[in-house]
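I am opening a notebook on this structure. I will go through it one look-up at a time.

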Amino acid sequence: MLEGMTSDELWTLSAFWALFAGFVAMIARSQGRSPVTWFMLSLVLSPLFGFLAVVLTAPRKGPAMTPPPCPRCGVERVSGQRHCPGCGLDLWADYDARRP
Ligand SMILES: [Zn+2]
């Protein structure tokens, strides 16, 4: 596969390979994971594989995934749940605090 390539082309390929491996390491670090582990993984397997793996296995937690607490009783609720586990309020309907 590498036959017929000039040393310049090989160098460019290696540079991009390392660059993307570094990119994967940056993503891993932003997720609170080990950048060194992911850099080595991308370097050995392939940066494309490393990129897909780090994105697909991203830890799914954080403020964006947690819905706001119930507006009536303040109980924390699970995403996708229609009725509040604390007071049974219909969370999909617009809640008006002045209404009984
Ligand atoms: Zn409630």
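What covers the buried residues of helix 3?

**Ground rules.** I am working with a predicted model, where local features need pLDDT of at least 70, side-chain atom pairs count only at pLDDT 80 or more, and totals for chains, interfaces and linings use all residues. Residues are numbered from 1 along each chain as its sequence is written.

**Overall build.** I looked up the elements and found 3 helices and 0 strands. Helices are DSSP runs of H or I with at least four residues, strands are runs of E with at least two, and both are numbered from the N terminus. Along the sequence the pattern reads α-α-α.

**Burial.** I call a residue buried if 20 or more other C-beta atoms lie within 10 Å of its own, exposed if 12 or fewer, and partly exposed in between, with C-beta atoms placed from the backbone. Of the 100 residues in the chain, 12% are buried.

**Helix 3.** I checked residues 47–56, which form helix 3. Its buried residues are Pro47, Gly50 and Val54. They sit on the same side of helix 3 because they cover an arc of only 60° around the axis. The arc is taken from the directions from the helix axis to the C-beta atoms. The face turned away from the buried side carries exposed Leu48, Leu52, Val55 and Leu56. Now the opening question: the cover over the buried residues includes helix 1 and helix 2.

**Helix 1 against helix 3.** I looked up the axes, which are lines fitted to C-alpha atoms over the stretch in contact, with angles from 0 to 180 degrees between N-to-C directions. The two axes come within 9 Å and cross at roughly 10°. So helix 1 is roughly parallel to helix 3, a label for angles under 35 degrees.

Next I listed contacts, meaning C-beta atoms, placed from the backbone, within 7 Å. From helix 1, Trp17, Phe20, Ala21, Val24, Ile27 and Ala28 meet Pro47, Gly50, Phe51, Val54 and Val55 of helix 3.

**Val24.** Beyond neighbours within four places in sequence, Val24 contacts Trp38, Phe39, Ser42, Pro47, Gly50, Phe51 and Val54.

Notes:
Contact = placed C-beta atoms within 7 Å. Parallel < 35°, antiparallel > 145°, perpendicular 65-115°, else oblique.
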